[in-house]
Amino acid sequence: MKWVPTKVDLDNHIVIPDLDTNVESPDEFVEDYVYNLSKTSIDKSKPLWDLHLLNLKTSNAESVGIFRIHHSLGDGTSLMSLLLACTRQMSDPNALPTIPVQKRSKPNNSDFGFFRWISGFWSALIIIWNTFVDVLMFMVTALFLKDTETPIRGRPGVEFTPRKIVFRTVSLDDMKMVKNAMNTTINDVALGVTQAGLSRYLNRKYGELKKEEGQTDKENHLPNYIRLRSTILINLRPSAGIQALADMMEKNKEAKWGNCIGFVLLPFTIALRDDPLDYVREAKATIDRKKRSLEALFTFSIAEVFLKLFGVKVGGALSHRVITHTTMCFSNLVGPVEEIGFYGHPMAYLAPSCYGQPHGLMINFQSYINKMTIVLSVDEETVPDPHQLLDDLAQSLKLIKDAVLTRRLVQDDLFMAK
């Protein structure tokens with residue numbers, strides 16, 4: 001199989017269903033529409049994408065546009081770049097969206113040469129050791145190591161089931177306030193909120209199981225140890241963050257269109273903490289440890305070797321085995337910092353997600369202006385109450401923010417001046 005040039009007939013890709021604008025619950029209607037879409041696959045006789053325009057006012061927007069794009073066309077960064085390249089700033093119709101890029105710290109040249117050399121040597125040893133451990137864990141996971149069987153771990157064959165995709169918008173300013181107060185990153189806060197929300201959700205689920213078994217009610221129903229890991233796909237392009245499609249497609253550029261991602265297995269801490277800020281501290285420690293590893297680069301290389309030596313089926317089987325031995329998928333994407341429009345229509349939110357993956361739960365964080373959208377893609381048998389999980393995630397962020405304000409880790413007037 002190979003890609004071939006083709007002509008695009010927009011009538012074969014753009015779907016505008018005739019809808020009753022007086023439906024009782026527009027939000028639920030959109031959820032059901034996406035759910036039914038996930039029961040189908042894209043017609044392979046034409047380019048693998050379609051766009052559904054729903055002229056239906058919801059609680060979040062005046063109408064809804066649903067892009068469905070096959071993952072063979074690119075990874076998440078490529079596909080988000082494709083979407084953003086089609087948009088322009090509402091304040092300047094000729095300007096592409098502005099995507100913040102994390103600045104890398106510059107080495108301190110004031111350090112003495114000998115101590116700087118020792119520090120660099122020690123850092124290199126840490127990276128080598130961490131990479132060795134991570135790659136070993138990747139191979140062990142591919143062979144036999146599985147996550148704990150929890151209520152949110154999908155059953156075999158879950159990739160063939162339809163998905164319920166729901167979302168909740170929270171304040172990005174709240175997350176920035178926590179980030180600044182605790183000297184972390186938005187990634188750290190997002191992971192901390194997710195660990196706290198999953199701990200609340202699982203504690204409730206285990207409590208329901210114990211009640212069914214007639215056990216006495218306790219506050220903490222979680223098992224003593226839970227191995228729960230997320231598969232994270234890391235963008236390996238030279239430039240960090242989401243790049244403009246024009247740059248990615250330009251000749252002689254290092255960044256190229258398509259799939260250029262590596263696997264990272266991220267362990268989640270599932271426990272009830274007396275101090276909500278512990279979730280963020282633990283998340284920061286986990287992410288800082290992963291930053292000092294070349295795991296993504298090596299797992300990408302391993303997958304490439306398997307593809308070239310044994311073909312697509314064996315390479316796909318390796319990826320499938322690793323994913324099915326973990327519990328969920330997690331991502332955090334950086335979005336535009338100003339309001340953008342799609343051919344003159346202002347966009348209220350962005351909610352990227354996926355279906356067809358061998359996980360019963362996928363959690364995506366997507367920032368846009370001063371909002372953070374949390375998107376869940378769930379198998380209904382695995383997570384029958386996704387809105388409850390969204391409540392737990394939103395409540396966890398509130399508890400973490402309140403803990404920061406209560407301890408006055410940030411100036412109140414600075415926070416209110418957002």
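Modeller: Keep in mind that this is a predicted model. Start with helix α3 (residues 113–143) and helix α8 (residues 295–310): their axes come within 9 Å and cross at roughly 40°.

Biologist: Why is α3 called oblique to α8?

Modeller: Under 35 degrees would count as roughly parallel, and roughly perpendicular covers 65 to 115. The crossing is at roughly 40°, so α3 is oblique to α8. The crossing is also right-handed.

Biologist: Which residues make the contact of α3 and α8?

Modeller: From α3 you have T131, D134, V135, F138 and M139, and α8 brings E295, F298, T299 and I302. Sorted by class, that contact has five nonpolar, two polar and two charged residues.

Biologist: And what makes α3 and helix α9 (residues 312–324) a roughly perpendicular pair?

Modeller: Here the axes are 8 Å apart and the angle is about 95°. The range for roughly perpendicular is 65 to 115 degrees, so α3 counts as roughly perpendicular to α9. On the α3 side the contact is made by F138, T141, A142 and L143; on the α9 side, by L318, R321 and V322. By class, there are five nonpolar, one polar and one charged residues.

Biologist: How do you know that D50 forms a salt bridge with R68?

Modeller: Look at the distance: their closest N and O atoms are 2.8 Å apart. The cut-off is 4 Å between a side-chain nitrogen of Lys or Arg and a carboxyl oxygen of Asp or Glu, so the pair qualifies. A search of the whole structure finds 23 salt bridges.

Biologist: What does the D50 and R68 pair tie together?

Modeller: D50 sits in strand β2 (residues 49–54) and R68 in strand β3 (residues 64–69), so the pair links parts that are 18 residues apart in sequence.

Biologist: Where is N55, and what is N55 in contact with?

Modeller: N55 is in the loop between β2 and β3. Leaving aside neighbours within four places in sequence, N55 is in contact with I16, L19, T21 and S63. I16 is 39 residues away along the chain, yet the C-alpha atoms of N55 and I16 are separated by 8.0 Å.

Biologist: Which element has the lowest mean pLDDT?

Modeller: That's helix α11 (residues 412–416), with a mean of 48, while strand β12 (residues 371–378) has the highest, 97. Over residues 413–418 the pLDDT is below 50. The protein averages 87, and 88% of the residues score at least 70.

Definitions and conventions
Residues numbered from 1 in each chain as written. Predicted model: local features only at pLDDT ≥ 70, side-chain atom pairs only at ≥ 80, totals over all residues. Heavy atoms only, no water. pLDDT = per-residue confidence, 0-100. Helix = DSSP H or I, 4+ residues; strand = E, 2+ residues; numbered from the N terminus. Contact = heavy atoms within 4.5 Å. Axes fitted to C-alpha atoms, helices over the stretch in contact; angles between N-to-C directions. Parallel < 35°, antiparallel > 145°, perpendicular 65-115°, else oblique. Left-handed = near helix turned anticlockwise from the far one by under 90°. Nonpolar A, V, L, I, M, F, W, Y, C, P; charged D, E, K, R; others polar.
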